[in-house]
Protein chains: 2
Amino acid sequence: MTTVVVRSAAVGDVPVLLALIRALAEFEKLSHQVVATEATLKASMFGSRQYAEALIAEVDGAPVGFALFFHSFSTFLGEPGLYLEDLFVRPEARSHGIGLQLMSELARVALGRGCRRFEWSVLDWNERALSFYRRLGAEPMAEWTVQRLTGAALERLASANG
Amino acid sequence: MTTVVVRSAAVGDVPVLLALIRALAEFEKLSHQVVATEATLKASMFGSRQYAEALIAEVDGAPVGFALFFHSFSTFLGEPGLYLEDLFVRPEARSHGIGLQLMSELARVALGRGCRRFEWSVLDWNERALSFYRRLGAEPMAEWTVQRLTGAALERLASANG
């Protein structure tokens, strides 16, 4: 019998987190995009300001998955929400409900902190994920599209009518 | 000649912020969704943890617009990003570049804090906004859809395999 434990990541888990982030990127064939290092994760997640937090899922003591989240904010509600940035379970550990355990713990964290909105994003072609999220009762915000500004365009905007 | 000033909101601006949030909701015909109060905004934006920050745009000393933002996080970059939750300029103050001044100041805040990603969401039918964002060089993350869990579904998930 296997035991699944979901726990909050601490600063000592930075190497484990980075390994899981790299496994996620490899799974998505995006390894070349990973520039995070142990130093940047330590500084941004466990420094003077915690920009993000993470949960780690372990099977018999071995880390097999993680969820990384931060707090969003709703102007209409006037309160923070919980935003799940990444959820990943190693392929060999799937179909054992570990993703659900991570999601369930996130829902408890959200409600425990007074957040009435739990949100995340999904790729339109990820049918497995979409069907999982539909079963949870999530509502797709289909009318909205995220816009991203980076690099030279971001610097150009920063220089506009200073 | 009018003078436009963009400045950071302080705790004394909570009544101004709430009035602008209500004006935004009215413009979107969503006034019934606003449950934020001065007390909730004060607690969540100027309390022990700042869940969101805001910029206020003033014309000749009168507040005419605001931008409310928080920090997102990129696992691959291992660093925070800046996420703009709401941008609003009162209809009577539009077409004077105030939205651009708010966006430009947000870009400076992002780069000043080491955030290489500046993101926000837009309604698919908001052509005026979409064309403004395209001119800025923003990339639409068209493959992604936000999923939102609230109310009874959120409580159900929190109670799953506790």
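Me: Which backbone nitrogen lies 2.7 Å from a polar atom of the side chain of A:Asp13?

Reply: That's the one of A:Ala10. A polar contact is a pair of N or O atoms within 3.5 Å; within protein, one must be able to donate a hydrogen and the other to accept it, and residues adjacent in sequence count only if both atoms are side-chain atoms. Bear in mind that this is a predicted model, where local features need pLDDT of at least 70, side-chain atom pairs count only at pLDDT 80 or more, and totals for chains, interfaces and linings use all residues. Residues are numbered from 1 along each chain as its sequence is written, chains are lettered from A and ligands numbered from 1 in the order in which they are written, and side-chain values use heavy atoms, leaving out hydrogens and water.

Me: Is A:Asp13 buried or exposed?

Reply: Buried means under 20% relative accessible area, exposed over 50%, partly exposed in between (1.4 Å probe, protein chains only). A:Asp13 comes out at 10%, so it's buried.

Me: How much area do chain A and chain B bury between them?

Reply: The size of an interface is often given as the accessible area lost when the parts come together. Here it's about 7100 Å² (1.4 Å probe, summed over both), with 60% of it on carbon and sulfur atoms. On the chain A side, A:Phe76, A:Gln147 and A:Arg148 lose the most area to chain B.

Me: How many salt bridges cross that interface?

Reply: The rule wants a side-chain nitrogen of Lys or Arg within 4 Å of a carboxyl oxygen of Asp or Glu. It finds 2 between chain A and chain B; B:Glu119 and A:Arg148 meet in a salt bridge at 2.5 Å, N to O.

Key: Buried area is the accessible area (1.4 Å probe) that two parts lose on being put together, summed over both.
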